[in-house]
Every structure is written in structure tokens, then in C-alpha cells.
Amino acid sequence: MTHIITGLCLRDGSCVEVCPVECIVPGKPAAEWPTYYIDPDTCIDCGACVAECPFGAIFTEDDVPSAYSAKGGESLNRLGLDGHYEGTNCDGDPVELDTVRQLQAGELVDLTEDIQKNGEFFQSGPGYDAAD
Ligand code: SF4
Ligand code: SF4
């Protein structure tokens with residue numbers, strides 16, 4: 001199994017700091033790979049990243065919700081969406097995204113769509129080079 005970063009990720013980078021095997025990297029360019037990604041072949045399922053994510057974006061692969069119930073106000077960050085987000089990451093650096101949509105309270109979102117994308121990043125996408 002592995003852990004999966006879903007579209008609730010807003011690129012604040014906190015998870016990278018705690019991963020003991022350094023298998024979490026930011027998608028680059030962000031316009032094509034909008035979230036951070038976990039290398040499924042390297043992740044040891046320690047779970048440290050889950051508690052660190054301020055947006056609750058990380059799940060074990062088996063627990064990624066197909067009907068995530070939005071609290072309202074959080075943003076979904078996914079290719080194809082065109083809303084704008086501005087925030088800061090864990091280092092205080094600005095984060096700007098144009099691939100987001102704000103969720104309505106009670107809205108149900110299928111986050112399992114992000115499982116394949118997470119794997120593709122390392123199989124056919126930029127993978128670790130993106131972190132350089
Ligand atoms: S579960 Fe552990 S090993 Fe896997 S990405 Fe998270 S911190 Fe890294
Ligand atoms: S801690 Fe959460 S929001 Fe921040 S980069 Fe990791 S998955 Fe994304």
C-alpha cells in the first residue's frame with residue numbers, strides 16, 4: 001500500500017519535512033501537476049505526513065474517500081479547475097494556484113480520482129526531477 005495526496009493539497013509543504021524516506025515532492029510545473037505527490041514505491045506507510053497536513057489532504061490508499069463530505073470553504077486543487085487561490089506555505093513563501101475550486105458545505109467529492117495521478121507522477125511524469 002501507499003499513502004496518497006489528494007486534491008485537497010494546497011502545496012504548503014509541511015508533509016515533506018516529516019517524511020523519513022523523503023518520498024514526497026512538489027508537482028512541477030504546478031499548472032500541470034498541481035499538488036504534491038508521494039512515491040508509492042518508496043513510501044513506508046509510517047503515517048507521519050497525515051497528521052502534519054493542515055488541509056487533511058493525505059490518506060492511506062485504501063481510505064481515500066469516494067464521497068468526501070466538504071465542510072465548506074476548503075479548496076479542491078485539481079487539473080481542469082480554474083479558480084484562483086493565494087496563500088503561504090510552511091516556510092512563509094507565497095503559494096498561488098489557478099487549478100482550484102472552493103467547495104460548498106456538504107458537497108460530496110470523489111477524491112479517489114487522485115490516486116492514479118499520484119502514481120503517474122512517478123511512472124510517466126517528472127518524478128523526483130521536479131523537486132530539483
Ligand atoms: S506515510 Fe510516511 S513514508 Fe509515506 S509519504 Fe507519509 S511520511 Fe513519507
Ligand atoms: S502537508 Fe498537505 S497541503 Fe501541504 S504539501 Fe503536504 S499534502 Fe499538500
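Modeller: Gladly! Read along the sequence, this chain follows the pattern β-α-β-β-α-β-β-β-β-β-β-α, and the model is a predicted one.

Colleague: How many helices and strands does that give?

Modeller: The chain has 3 helices and 9 strands. A run of E counts as a strand from at least two residues, and a helix needs at least four.

Colleague: What makes the radius of gyration agree with a compact globule?

Modeller: The rule is 2.2 Å times the number of residues to the power 0.38. For 132 residues that puts a compact globule near 14 Å, and the chain has 14 Å, so the two agree. Along the principal axes, the C-alpha trace spans about 35 × 30 × 25 Å.

Colleague: How do you know that β6 and β8 pair?

Modeller: Pairing takes at least two bridges, and 3 bridges join β6 to β8 (residues 94-102), running antiparallel. Within β8, Q102 is the residue opposite S75.

Colleague: Why are β6 and β7 called edge strands?

Modeller: The open sheet has the order β6-β8-β7, with antiparallel pairing. β6 (75-77) and β7 (83-88) each pair on one side only, and they are the edge strands. From one strand to the next, the twist averages 60°.

Colleague: Which residues are closest to ligand 1?

Modeller: The closest are C19, C43, C46, A48 and C49, in a surrounding set of 14 residues. A residue is included if its C-beta atom lies within 6 Å.

Colleague: What makes up that shell by class?

Modeller: The shell around ligand 1 has 11 nonpolar, 2 polar and 1 charged residues. Cys and Ala count as nonpolar.

Definitions and conventions:
Residues numbered from 1 in each chain as written. Chains lettered and ligands numbered in written order. Predicted model: local features only at pLDDT ≥ 70, side-chain atom pairs only at ≥ 80, totals over all residues. Axes fitted to C-alpha atoms, helices over the stretch in contact; angles between N-to-C directions.
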